[in-house]
Amino acid sequence: MAVFELTASPSPEELAAITDALSAFNTGDVGPSDRRPLAILIRDADGKVTGGLSGFTAWGWLFVQMLYLPETLRGAGIAGRILAQAEKEAKARGCHGAWIDTFSPRALRAYLRRGYEVFGELEDFPQGRMRSFLRKKL
């Protein structure tokens, strides 16, 4: 009989057991994902990472998990340049699409300017905001 345990502090090994099992199932169901990390780092003069983009490519898609610019770099088109660089690498990896989500109205406008389109929304995530899910054909 299965035993269920609720925890707010699973170990890396416990999480890996779930991830590994799901990955094996998905590979059997739809084929290998060819999941590969992708990051574009912004460094200051001392070499410290101050922002950038992190995500991965899998099943022919780029997923941008995080994109952060320090306040001093915002409004200068840098987010668009970073996205373009990530999209170029994703295409080189054989990707045909990209997706990202945000609840920032400012980021939403930037992604729309880069050719992304909203394909779904989640109201009040967080409270008082709209979380938008966007995609772009590469």
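A residue is called buried when its relative accessible area is under 20%, exposed when that area is over 50%, and partly exposed in between, judged with a 1.4 Å probe and protein chains only. By this rule Arg114, with a relative accessible area of 25%, is partly exposed. The structure described here is a predicted model, in which local features need pLDDT of at least 70 and side-chain atom pairs count only at pLDDT 80 or more, while totals for chains, interfaces and linings use all residues. Residues are numbered from 1 along each chain as its sequence is written, and side-chain values use heavy atoms, with hydrogens and water left out.

**Overall architecture**

The chain contains 3 helices and 6 strands; these are DSSP runs (helices H or I, at least four residues; strands E, at least two), numbered from the N terminus. Read from the N terminus, the order of the elements is α-β-β-β-α-β-α-β-β. Along the principal axes, the C-alpha atoms fill a box of roughly 60 × 40 × 35 Å. Of the 138 residues in the chain, 28% are buried.

**Strand pairing**

Two strands are said to pair if DSSP finds at least two bridges between them. Strand β4 (residues 97–102) and strand β6 (residues 130–137) run antiparallel and are joined by 6 bridges; here Ile100 stands opposite Leu134 in β6. Strand β6 is also joined to β5 by 6 bridges, again in antiparallel fashion, and Glu117 has Arg135 in β6 as its bridge partner. Between β5 and β6, which form a hairpin, there are 6 residues, and Asp124 in the turn has a positive phi of about 55°.

**Salt bridges**

Side chains of opposite charge can pair when their charged atoms come close. The criterion used here is a side-chain nitrogen of Lys or Arg within 4 Å of a carboxyl oxygen of Asp or Glu. The structure holds 6 salt bridges, including those in the table.

| Pair | Closest N and O atoms |
|---|---|
| Arg74 and Glu71 | 2.7 Å |
| Arg114 and Glu87 | 3.0 Å |
| Lys136 and Glu87 | 3.0 Å |

Lys136 lies in strand β6, so its pairing with Glu87 in helix α2 ties together parts that are 49 residues apart in sequence. Both Lys136 and Glu87 are buried. Through shared partners, salt bridges join Glu87, Arg114 and Lys136 into one network.

**Pocket and surface patch**

A pocket is an open set of points on a 1 Å grid, where a 1.4 Å probe fits, with protein on both sides within 12 Å along at least five of seven lines; lining residues have an atom within 4 Å of a point. The largest pocket holds about 670 Å³ of space. Its lining comprises 25 residues, of which Leu67, Ser104, Arg106, Ala107 and Tyr111 lie nearest the centre. At least two lining residues come from each of β3 (61–68), α2 (78–92), β4 and α3 (105–113).

Phe103, Leu122 and Phe125 make a nonpolar surface patch of about 260 Å². Such patches consist of residues with over 30% relative accessible area and no salt bridge, nonpolar side chains being joined within 5 Å. Leu122 belongs to strand β5 (residues 117–123) and is partly exposed at 39% relative accessibility.

Conventions. Patch = residues over 30% accessible without salt bridge, like charges linked within 9 Å, V, L, I, M, F, W, Y side chains within 5 Å. Areas by Shrake-Rupley, 256 points an atom, 1.4 Å probe, with all protein chains shown as cover. Points joined across faces, edges and corners; volume = space filled by probe spheres on them.
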